[in-house]
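Subject: A structure for you to look at

Dear colleague,

I am handing over the structure below, and after it you will find what turned up in it. Please keep it open while you read.

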Amino acid sequence: MEENAHVLKSNCQINGVRPIMMDLPYPPLEVKGRNQAYANLLSIDYCGSVSELSAVTQYINNEGRLCGKNCSCAKALLGMGMAEMMHLQKLGELIVLLGGRLDYVARYRNGQKRVWTPKYVALPDTMERVLAADIEAEQAAIKQYNMHIGMIGDECVKAVLERIIKDEEYHIMILQVLLEEMRS
């Protein structure tokens with residue numbers, strides 16, 4: 001490195017960032033029995049186009065792109081990404097308990113299988129579009145979770161999905177506040 005070279009460093013310190021989620025316990029991770037159909041539904045929530053893996057990746061990428069521009073917003077996105085990572089972990093445990101496989105393949109009822117791809121991640125070019133894309137992704141996740149709750153007969157699994165929805169709704173509220181603050 002050249003002696004007179006400038007050192008570039010981030011001014012956004014992420015120490016102490018915690019997952020942003022509702023202050024409510026999660027139900028126990030248990031299932032009534034093995035059920036491949038339920039495991040397949042959860043595989044879509046785990047790593048489909050609308051999934052926790054996509055959410056984690058989108059939040060972390062957007063946090064990295066915003067940290068030099070708006071540190072408080074970047075920290076909020078990181079905290080939401082951490083919560084999504086916890087959702088991913090819980091879904092993974094449920095899939096295994098149900099007898100499914102964790103291999104980043106979403107398994108659909110029509111027999112179609114799709115490997116997760118970064119093409120599922122929105123990478124908008126402005127902070128306003130980042131927040132809007134994150135709100136849309138949370139809304140799509142809630143819609144998908146509600147659809148899957150209606151298809152699953154295991155009350156234990158449904159309780160976990162319902163608890164995850166509470167975090168997603170909380171994220172939407174925070175993202176809307178951030179969007180309004182940015183616009184004013």
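Which residue caps the N-terminal end of α5? That residue is Asp154, which has a side-chain oxygen 2.9 Å from the backbone nitrogen of Cys156. This is a predicted model, in which local features need pLDDT of at least 70 and side-chain atom pairs count only at pLDDT 80 or more, while totals for chains, interfaces and linings use all residues. Residues are numbered from 1 along each chain as its sequence is written, and side-chain values use heavy atoms, with hydrogens and water left out.

Helix α5 itself covers residues 155-183, and its 29 residues reach 42 Å from the first C-alpha to the last, close to the 42 Å expected at 1.5 Å a residue (the expected span is 1.5 Å times one less than the number of residues). Helices here are DSSP runs of H or I with at least four residues, and strands are runs of E with at least two, numbered from the N terminus.

In the loop between α3 (71-97) and β1 (105-107) sits Tyr104, whose phi is near 60°, a positive value in a residue other than glycine. For comparison, most residues other than glycine have a negative phi. Tyr104 is also partly exposed, with a relative accessible area of 42% (buried means under 20%, exposed over 50% and partly exposed in between, using a 1.4 Å probe and protein chains only).

Best wishes

Terms used
A polar contact is a pair of N or O atoms within 3.5 Å; within protein, one must be able to donate a hydrogen and the other to accept it, and residues adjacent in sequence count only if both atoms are side-chain atoms.
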